[in-house]
Amino acid sequence: MIDYIGIHDVQCLIEEIGPGMFIERLAAEIEADYARWDEFEKSVRLASHSRRGVIELMPISDGRLYSFKYVNGHPGNTQEGLLTVMAFGVLAEVDTGYPILLSELTITTALRTAAMSALAARWLARPDSRSMALIGNGAQSEFQAIAFHRMLGIRELRLFDVDPLASAKLEQNLRAMPDLSDLALIRAPSIAEAVRGADIITTVTADKRNATILTPLMMAPGVHVNAVGGDCPGKTELHRDILARPNVRVVVEYEPQSRIEGEIQQMPPDFVVTEFAEIVRRGTPGRSSSAEITVFDSVGFALEDHSALRFLHGLVGEQPGRCRRIDLVPMLVDPKDLYGGTLGGGAVKSRPRRAA
């Protein structure tokens, strides 16, 4: 029997802990894992692209625990009443190969993406940042707003989306959250108006195309750009000249993957970037001056999902019986007799639960 965490289980955990605290605790787990970067066996994700979207597998291991996430990205799904992104994941013991957790990762991916965004900004943005432009007000936007309010003290959110209904949805949801009562919401008529005066710019658009959401003229000295939406080949949000400017530092999660999927897919192979783990392990701010422009070229990396699965498994381990258990793997009295122990009516045994 292995632990199973479904949508309802995650909803209950978030309600008990609070979304802001949940994201902050998850960010701490992610940061701790980036600090031990060299312990992980890393690879780019395995992607299957189609005309309408992409399906990906994201594996990683630290030698003790192995995990993978199955995730899709289909921007046109919402026209059919379906989610753009859906995910689930597995956490397993390396020594035995046995899975110990099967979990939903649709909601959790949104939480870990926001946690990673805010974590990177805590290292890269100016410490006095209080205003953020949020370009793209779809499914990820509430999570980003909560994370930046909680972890960076953002107090002004400047909203823009090509769909006014998306901005209205975001504004309604945020105003219903008591913890965000001190967050000023400003609906901007254009991207240029939204980013004017913002300390941080977060882009979370969904169109699978090379777009120019931000242009060089929009980049004020000292701004931090959290570029989330450019996350697969042929999908970008930033004009390449932003990245090429001499006063811009570009930070990525895992360089081999970002070269394929991130904003830097637009740049030559020798374009210099910094991996986030290098900043965490150095333990010093990721910007060299208050005037430097920093760009976090976020595509989502398997380590972050590994952290999220460990975090979830630890939470349910603190409350035995909190989550359900499923018989995904046969537990046999005689492990050499698969037929007799399953189809032949043989005896099965239970396996003791292990700590996360």
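Reply: Strands here are DSSP runs of E with at least two residues, and they are numbered from the N terminus. With that numbering, His74 has its place in the loop between β4 (65-73) and β5 (87-93). The model is a predicted one.

Me: Why is His74 called buried?

Reply: Buried means under 20% relative accessible area. His74 is called buried because its relative accessible area is 15%.

Me: What makes contacts with His74, leaving aside its neighbours within four places in sequence?

Reply: Contact means heavy atoms within 4.5 Å. With neighbours within four places in sequence left aside, His74 is in contact with Ser50, Arg52, Gly53, Val54 and Ile55, and also with Leu83 and Thr84.

Me: How do you know that β4 and β5 pair, and in which direction do they run, parallel or antiparallel?

Reply: Two strands pair if DSSP finds at least two bridges between them. Seven bridges join β4 to β5, and these strands run antiparallel; within β5, Leu91 is the residue that Ser67 stands opposite.

Me: What joins β5 to β6, and what lies between them?

Reply: Five bridges join β5 to strand β6 (residues 99-104), again with the criterion of at least two bridges, and the two strands run antiparallel. Ala92 stands opposite Pro99 in β6. β5 and β6 form a hairpin with five residues between them, and Gly97 in the turn has a positive phi of about 80 degrees.

Me: Why is β5 called mostly covered?

Reply: Six of the seven residues of β5 are buried, and a residue counts as buried because its relative accessible area is under 20%. The strand is accordingly described as mostly covered.

Me: What makes up the open sheet, and which strands are its edges?

Reply: The open sheet has eight strands in the order β9-β8-β7-β10-β12-β16-β14-β15, with parallel pairing. Its edge strands are β9 (184-187) and β15 (274-275), each of which pairs on one side only.

Me: How do you know that β7 and β8 pair?

Reply: The criterion is at least two bridges, and five bridges join strand β7 (residues 131-135) to strand β8 (residues 156-160), with the two running parallel. Met132 stands opposite Leu157 in β8, while the bridge partner of Ala133 in β8 is Arg158. β8 is mostly covered, since four of its five residues are buried.

Me: What places Arg36 with Asp62, given that they are 26 residues apart along the chain?

Reply: Arg36 is found in the loop between α2 (19-35) and β2 (46-49), and its C-alpha atom is separated from that of Asp62 by 9.2 Å. Once neighbours within four places in sequence are left aside, Arg36 is in contact with Asp62 and Arg310, where contact means heavy atoms within 4.5 Å.

Me: How do you know that the radius of gyration of the protein chain agrees with a compact globule?

Reply: With 356 residues, a compact globule would have a radius of gyration near 21 Å, and the protein chain has 21 Å, so the value agrees with the rule. Along its principal axes the C-alpha trace spans about 70 × 45 × 40 Å. Buried residues make up 52% of the 356 residues, and, among contacts between residues at least 6 apart in sequence, 72% join residues at least 24 apart.

Methods: Residues numbered from 1 in each chain as written. Predicted model: local features only at pLDDT ≥ 70, side-chain atom pairs only at ≥ 80, totals over all residues. Heavy atoms only, no water. Rg over C-alpha atoms; globule rule 2.2 N^0.38 Å. Buried < 20%, exposed > 50% of the residue type's maximum accessible area, 1.4 Å probe, protein only.
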